[in-house]
Amino acid sequence: DAVSSNSMEVLKNALKSLDFSQTSFFFSIRNEFQPMVHELCNELNLKVLEHTDTICLKLPKQDALKFEISPPKDYHLRSLTLDNLEQINSNWLHRYDGSEKFIEYLIKYHINIGLFDNNNQLVAWCLKYDNGSLAILQVDEQFMNRGFGSLVAMGISKEIAEKTDCDVLSLVLHENQKSINLFKKLGFVNASGHTWFGLINK
């Protein structure tokens, strides 16, 4: 929905009250808010350390509820545990110093899913960010090109729709065409653009 200029000013004034003495990250900022963030940077003399554009894909909840989830023989789906933390973090392309704490938080407090073989080896996984979008969808390289990425994406999407009664969102880098194609094959459609900012005092 369109945001009024008055609401934008109220939001900017609220952001000014934050402590920017240390690095601050703003995740999933819709395109219409970006000019306001740049104004904030100029007024508070903040430096943009990171600026990553993503595309937001959306799957209506009624479509997610229609997914029929059937893992192949000798595989099963279940929630992740902290035993899977190291494997997920070490394989995450965007890991950073301390990212294992972030993934631990996601596993503990948000919907997630993993595909396991009969030896209880984790072969594919997907988590959910605070903003509600899918997070860290990944398949172990030994098990790629078997449809496991689509399987866990469908599994977590259906669970999100069932438990939250919300549409399912996924934020994907513009250059990650493989993931964009995967989600669109599942019925996701373009929703809007989003940006991730890292800000710090100059």
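Colleague: What is the lining of the largest pocket made of, by class?

Modeller: This is a predicted model, to start with. The lining has 23 nonpolar, 14 polar and seven charged residues.

Colleague: How much space lies in that pocket?

Modeller: About 1,400 Å³.

Colleague: Which residues are closest to its centre?

Modeller: Trp92, His94, Ile136, Leu137 and Asn176. They belong to a lining of 44 residues.

Colleague: OK, switching to charges. How many salt bridges are there in the whole structure?

Modeller: The search finds seven.

Colleague: Which residues are linked in a network of salt bridges?

Modeller: Glu9, Lys12, Lys16, Glu39 and Glu43.

Colleague: Start with lysine 12 and glutamate 9. How far apart are the closest N and O atoms?

Modeller: They are 4.0 Å apart. The cut-off for a salt bridge is within 4 Å.

Colleague: Where do those two sit in the helix?

Modeller: Both are in helix H1, residues 5-16. They are three residues apart, so about one helical turn separates them.

Colleague: Is lysine 12 buried or exposed?

Modeller: Lysine 12 is buried, because its relative accessible area is 4% and buried means under 20%. Glutamate 9 is partly exposed, at 36% relative accessibility.

Colleague: What about glutamate 39 and lysine 12, how far apart are the closest N and O atoms there?

Modeller: 3.0 Å, in a salt bridge. Glutamate 39 lies in helix H2, residues 34-44, and lysine 12 in helix H1, so this pair ties together parts that are 27 residues apart in sequence. Glutamate 39 counts as partly exposed, at 39% relative accessibility.

Colleague: Which residue does lysine 16 meet in a salt bridge?

Modeller: Glutamate 43, with 2.7 Å from N to O. This pair also links distant parts of the chain. Lysine 16 is in helix H1 and glutamate 43 is in helix H2, 27 residues apart.

Colleague: How accessible are lysine 16 and glutamate 43?

Modeller: Lysine 16 has 33% relative accessibility, and glutamate 43 has 42%. Lysine 16 counts as partly exposed, and so does glutamate 43.

Technical notes: Residues are numbered from 1 along each chain as its sequence is written. This is a predicted model: local features need pLDDT of at least 70, side-chain atom pairs count only at pLDDT 80 or more; totals for chains, interfaces and linings use all residues. Side-chain values use heavy atoms; hydrogens and water are left out. On a 1 Å grid over the protein atoms alone, a cavity is a set of points where a 1.4 Å probe fits but cannot get out, and a pocket is an open set with protein on both sides within 12 Å along at least five of seven lines; lining residues have an atom within 4 Å of a point. Grid points are joined across faces, edges and corners, and a volume is the space filled by probe spheres set on the points. Ala, Val, Leu, Ile, Met, Phe, Trp, Tyr, Cys and Pro count as nonpolar, Asp, Glu, Lys and Arg as charged, and the others, Gly among them, as polar. A salt bridge is a side-chain nitrogen of Lys or Arg within 4 Å of a carboxyl oxygen of Asp or Glu. Helices (H or I, at least four residues) and strands (E, at least two) are DSSP runs, numbered from the N terminus. Buried means under 20% relative accessible area, exposed over 50%, partly exposed in between (1.4 Å probe, protein chains only).
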